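Here are a few notes to read alongside the coordinates.

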Number of protein chains: 2
Amino acid sequence: MKLDFYYHNPTKIYFGKTALEHLPAELANYGDTVLLVYGKGSVKKSGLYDEITAVLQKAGKTVVELSGIKSNPTYTQMLEGARLVREHQVHLILAVGGGSVIDCAKGISLSAYCKGDPWERYWVNFEDVDNEIVPVGAVLTMAGTGSEMNGGSVITNEEKMLKNGRVYPPEVYPKFSILNPEYTYTVPKYQMVSGIFDTMSHLMEQYFSGTDDNTTDYLIEGVMRSLIHSARIALKNPEDYEARSNIMWCAAIGLNTVTGLAKEQDWEVHMIEHQLGAYTDCAHGAGLAAISIPYYKYISPYGLDKFVRFANNVWEIPTDTMTKEDAANAGIEKLTAFIEELGLPQTLRELGATEAMLPLIANSTVQGGGYKHMTADDILNVLKACY
Amino acid sequence: MKLDFYYHNPTKIYFGKTALEHLPAELANYGDTVLLVYGKGSVKKSGLYDEITAVLQKAGKTVVELSGIKSNPTYTQMLEGARLVREHQVHLILAVGGGSVIDCAKGISLSAYCKGDPWERYWVNFEDVDNEIVPVGAVLTMAGTGSEMNGGSVITNEEKMLKNGRVYPPEVYPKFSILNPEYTYTVPKYQMVSGIFDTMSHLMEQYFSGTDDNTTDYLIEGVMRSLIHSARIALKNPEDYEARSNIMWCAAIGLNTVTGLAKEQDWEVHMIEHQLGAYTDCAHGAGLAAISIPYYKYISPYGLDKFVRFANNVWEIPTDTMTKEDAANAGIEKLTAFIEELGLPQTLRELGATEAMLPLIANSTVQGGGYKHMTADDILNVLKACY
């Protein structure tokens, strides 16, 4: 743990089949008016909407609604939420849905009382948060983003064609999150595997950086192993409670900052995918899957030892008699096979990207990286390799 | 994650060489009067006492002191601290030292305004905490107990010859803990290895339970692997910063409740050691080491698959061609060898126990366990096997 760090994660987690029973006690901690934020209606189909509005009613809350949040939540929707918060003097924002809905709720929370233009201040210049933050609570229905236990809020500015965000400070984290793995049963299989790969990608973004000896890397390996193991079970039987509960918890701890402590981290796959998402509106995890293999092949020569460790400790490949290059490639091949098992796309074409989009995506992507600093040219090379 | 769980860990962690620089900002969150709790003077020798009192003075704090906290903190000392808190209307209890000092500080925090007899209410009957809790902050100088990031408070009642405690709710956790691995350099080697084994034992107590498929077990394996790896480096070079920082962080996350989520857990080795400690005042980690091998040999037939997994995933033993019994034993043998590497005792005799004490310890130990319920007879068998 060579780098100094600060860790503080105040989110309360209620996990399991009985998790929703704790909602009334949590609601009692906040004032009368609740902004209920949800997506395009799957919570209505599943009956969760009715269940939650009944709890809210019983608790005597006045409920304002913001629905139709998109899988890449837009700045317009977020501003509409912020307006509702101010107009109705909302005391609690309750997000019911996946990471997009929770990201949007946190964006609303940050923006409602922002002094100045929220986009410029918080999503472009990443300024310190200096305004009142409206508390957020979450009921999670899809595992993957980790938004339920961190300060992440990724928002798409449609007008500017930018998908930006970062992890905001602990004050922005959900005050509580309700995680019932059974809620994730209703998510279509494509969304399930997209979420699984999103978590895998978060873990790799944190893992593939640094040359130091770090407890965090061992933790990440443990979470990756559990995730891969449970993903294979869930692919065969999507209603295997143990598998789905492990996947749900891997997603939460995979991005609750504990798996990134004292790590430089990479995040370039996410930066590229954000721009891919801005142009194609593809599912986040699917975009990450397509970009990952060419990206890791591109950077592995710059972080060879870590890729060998990945092959050994995550995929259990005996690499003693291999060259480092072969060992690293063997690990990446296992990752490729895992993406195939999940049935996720390996080309941008399948995600709706056109060849003309590639330079636009490359040029608008935030440059950075872990073992290698990625320029716009490097990014274009990666995009071409998976087009 | 078959069992439902609640997770909430509000402790703020400042980790690294610059961690103490954050103390002034933390002090500003509390009132004027600070109770400074520390041990038998090693913090004075190291200069840390001077550094911290200078910070307190600069912050304009009135400082009351409670020093001489023993390695098994006593109920008498704890009550003295509680009296000081009431008498001086203390706003913050600042613990500077190892787990014993922090455990004592949390005990003081719980007891100062307790309605009724604190020992009976909180250390025997484990009643819900219903009184004001005085905030605790910590500056850690020895890694092992994990007390810096949980609600644990183990106190020895000398009069009753009992060492009791549990993990109290998040309100009792330190509000902040300052973890500078360099502070642990001054700890004698015997204390260092005792702390390392304490952490290893916490991880095993949580690991050896349950037959379900659980992300938590993968996490524990990761922490164990990092701990074993770094312990071996620190044994050769106690001032290897990376190794000592990993050991320090393993201790914190190894008992911050995240490595116990959705686990039944065991804790019988700790229960036995608590009574061993009450009779011999031995170093906690040393007592755990002596008890562990005969204990795990005794229970492994009842949780064979998990012991095979321990051999595979923690010690990297290829067990494919072995019987389950042989594989389990091979893992326990690696653990024995690790205790030898650490130079920790393997008999109770070395720790000052007499043969006459064994039935007294067995009969006063809280009965429980993971894979096997341990009766007083079972416990006596284990004690005899390591006498």
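Does A:A385 count as buried or exposed? Point 1 takes that up, and the other points move on to the sheet, the helices and the core.

1. A:A385 counts as exposed, because its relative accessibility is 59% and the cut-off for exposed is over 50%. Please keep in mind that this is a predicted model. The residue belongs to helix α15 of chain A, which spans residues 376–385. In sequence A:A385 is 37 residues from A:L348, while the C-alpha to C-alpha distance between the two is 9.5 Å.

2. Now to the sheet. It is open and has 12 strands with mixed pairing, in the order β3(A)-β2(A)-β4(A)-β5(A)-β8(A)-β1(A)-β1(B)-β8(B)-β5(B)-β4(B)-β2(B)-β3(B). The edges are held by β3 (62–66) of chain A and β3 (62–66) of chain B; each has a single partner strand, so one side of each has no neighbour in the sheet. From one strand to the next, the twist averages 25°.

3. Strand β2 of chain A, residues 33–38, is worth a look. Six of its six residues are buried, so the strand is largely enclosed by the rest of the structure. Both faces are covered, with A:T33, A:L35 and A:V37 buried on one side and A:V34, A:L36 and A:Y38 buried on the other.

4. The partners of that strand come next. β2(A) runs parallel to β3(A), joined by five bridges, and A:T33 stands opposite A:T62 there. With β4 of chain A (residues 92–97), β2(A) also pairs in the parallel sense over five bridges; here A:L36 stands opposite A:L94.

5. In chain B, strand β2 (residues 33–38) pairs with β3(B) in the parallel sense, again over five bridges. B:V37 has B:L66 of β3(B) as its bridge partner. Helix α4 of chain B (residues 75–88) lies across β2, β3 and β4 (92–97) of this chain, at about 160° to β3(B).

6. One helix to inspect with both chains displayed is α9 of chain B (residues 241–253). It lies across β1 (5–15) of chain A as well as β1 (5–15), β5 (136–140) and β8 (176–179) of chain B. Its direction is about 150° from that of β1(B).

7. Two helix pairs in chain B deserve a mention. Helices α7 (residues 189–207) and α8 (residues 215–236) pack at about 165° with axes 10 Å apart, which means that α7(B) is roughly antiparallel to α8(B). α7(B) passes α8(B) in a left-handed crossing. Among the residues that meet are B:I196, B:M200 and B:L203 from α7(B), and B:M224, B:L227 and B:I228 from α8(B).

8. The other pair is α12 (residues 304–314) and α13 (residues 324–342) of chain B, at about 55° with axes 8 Å apart. That angle makes α12(B) oblique to α13(B), and the crossing is left-handed. The residues that meet include B:F307, B:F310 and B:A311 in α12(B), and B:A327, B:A328 and B:G331 in α13(B).

9. Finally, the core. Which residues of the largest nonpolar core touch the most other members? They are A:M200, A:W249, B:M200 and B:W249, in a core of 224 residues. Neighbours within four places in sequence aside, B:M200 is in contact with B:M224, B:L227, B:I228, B:F310, B:W315, B:L335 and B:F338.

Technical notes. Residues numbered from 1 in each chain as written. Chains lettered and ligands numbered in written order. Predicted model: local features only at pLDDT ≥ 70, side-chain atom pairs only at ≥ 80, totals over all residues. Heavy atoms only, no water. Core = buried A, V, L, I, M, F, W, Y, C linked by side-chain atoms within 4.5 Å. Buried < 20%, exposed > 50% of the residue type's maximum accessible area, 1.4 Å probe, protein only. Contact = heavy atoms within 4.5 Å. Pairing = 2+ DSSP bridges. Helix = DSSP H or I, 4+ residues; strand = E, 2+ residues; numbered from the N terminus. Axes fitted to C-alpha atoms, helices over the stretch in contact; angles between N-to-C directions. Parallel < 35°, antiparallel > 145°, perpendicular 65-115°, else oblique. Left-handed = near helix turned anticlockwise from the far one by under 90°.
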